[in-house]
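Here are my notes on this one, written as numbered points. Have the model open while you read.

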Amino acid sequence: MATEAEQIAQRVPGEKSSFPALALLVGWLVPGAGHFMVGKWVRGLLLFVSILGMYLIGLGLQGKIYSPADIQGILDILNFVGQLGLGLLYAVARVFNLGASTVVTTVGDYGSKFLVVGGLLNLISAVDAHSLANGRKKGA
Amino acid sequence: MLTHFPAVLLFSLFTSVVFGITQRAEPKMMVRFGAFCFAIFVGATVVVSWLMYAIKH
């Protein structure tokens, strides 16, 4: 009878290679790219469109792009970390000064939430790509 | 300009797609779970909106 540790090891055949970690990293940097790496093209495309949609709507509603300099409390930290989940999209917004520096309207607040949730969704999808790459999740 | 209800629909749609793909393994179950999440998101928003309206009036 296999122990629990042995059963987990059996479910994770590719754990020792760097491929799962690469899928996680690439999936975080570019939405859906981790799924492209493991050959899940349709899922990757749907994730890319969904997260890019959240990002573009957030910017369109003049959502705030958080930076370390804006942090004044725990909520700012959470918002900043959430938006970091957008990966390269966050970097693009910072470099090209997209979005708003402060929230001045109600819809601007909605836009910030779209950006934060988009980042969190991207983190979930990157972890999913990691699970597919190491065999922990069996994808049909 | 995006108004409130279309914003709710788009937020629910995109979020449900990601939840469906990441939280289920089989394509059929992904679609079912995504549709379930979408219905819950939109339904809860409508119910809470009417509750707030009732409290206000």
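1. A:H130 is buried, with a relative accessible area of 18%. Buried here means under 20% relative accessible area, exposed means over 50%, and partly exposed is in between, using a 1.4 Å probe and protein chains only. You'll find A:H130 in helix α7 of chain A. Leaving out residues up to four places away in sequence, A:H130 touches A:P20, A:A21, A:L24 and A:R136. Touching, or contact, means heavy atoms within 4.5 Å.

2. A word on the ground rules: this is a predicted model, where local features need pLDDT of at least 70, side-chain atom pairs count only at pLDDT 80 or more, and totals for chains, interfaces and linings use all residues. Residues are numbered from 1 along each chain as its sequence is written, chains are lettered from A and ligands numbered from 1 in the order in which they are written, and side-chain values use heavy atoms, with hydrogens and water left out.

3. Now zoom out to chain A, which has seven helices and zero strands. Helices (H or I, at least four residues) and strands (E, at least two) are DSSP runs, numbered from the N terminus. Of the 140 residues of chain A, 44% count as buried. Take the contacts in chain A between residues at least 6 apart in sequence: 72% of them join residues at least 24 apart.

4. Back to α7, and its partner α5. Helix α5 (residues 74-84) of chain A packs on helix α7 (residues 106-134) of chain A at an angle of about 55°, with the axes 6 Å apart. So α5(A) is oblique to α7(A); angles under 35 degrees count as roughly parallel, over 145 as roughly antiparallel, 65 to 115 as roughly perpendicular and the rest as oblique. On the α5(A) side the contact uses A:N79, A:G82 and A:Q83, and on the α7(A) side A:S112, A:L115, A:V116, A:G119 and A:L120. By class, that gives three nonpolar, five polar and no charged residues. (Ala, Val, Leu, Ile, Met, Phe, Trp, Tyr, Cys and Pro count as nonpolar, Asp, Glu, Lys and Arg as charged, and the others, Gly among them, as polar.)

5. Among the residues in contact are A:L46, A:G53 and A:I57 of α4(A), and B:F11, B:F14 and B:V18 of α1(B). This contact has 12 nonpolar, three polar and one charged residues.

6. A:G53 counts as buried because its relative accessibility is 12%. A:G53 and A:M37 are 16 residues apart in sequence, and their C-alpha atoms are 21 Å apart in space.

7. Finally, the rings. The count comes to seven aromatic pairs over all chains; rings of Phe, Tyr and Trp (its six-membered ring) pair if their centres lie within 6.5 Å, and planes under 30 degrees apart count as stacked, over 60 as edge-to-face and the rest as tilted. How are the rings of A:F80 and A:Y90 arranged: stacked or edge-to-face? Their centres are 6.2 Å apart and their planes are at 70°, so the pair is edge-to-face. A:F80 sits in helix α5 of chain A and A:Y90 in helix α6 (residues 88-95) of chain A, 10 residues apart. Both A:F80 and A:Y90 are buried. Look also for the aromatic cluster formed by A:F114, B:F11, B:F19 and B:F41.

Methods:
Axes fitted to C-alpha atoms, helices over the stretch in contact; angles between N-to-C directions.
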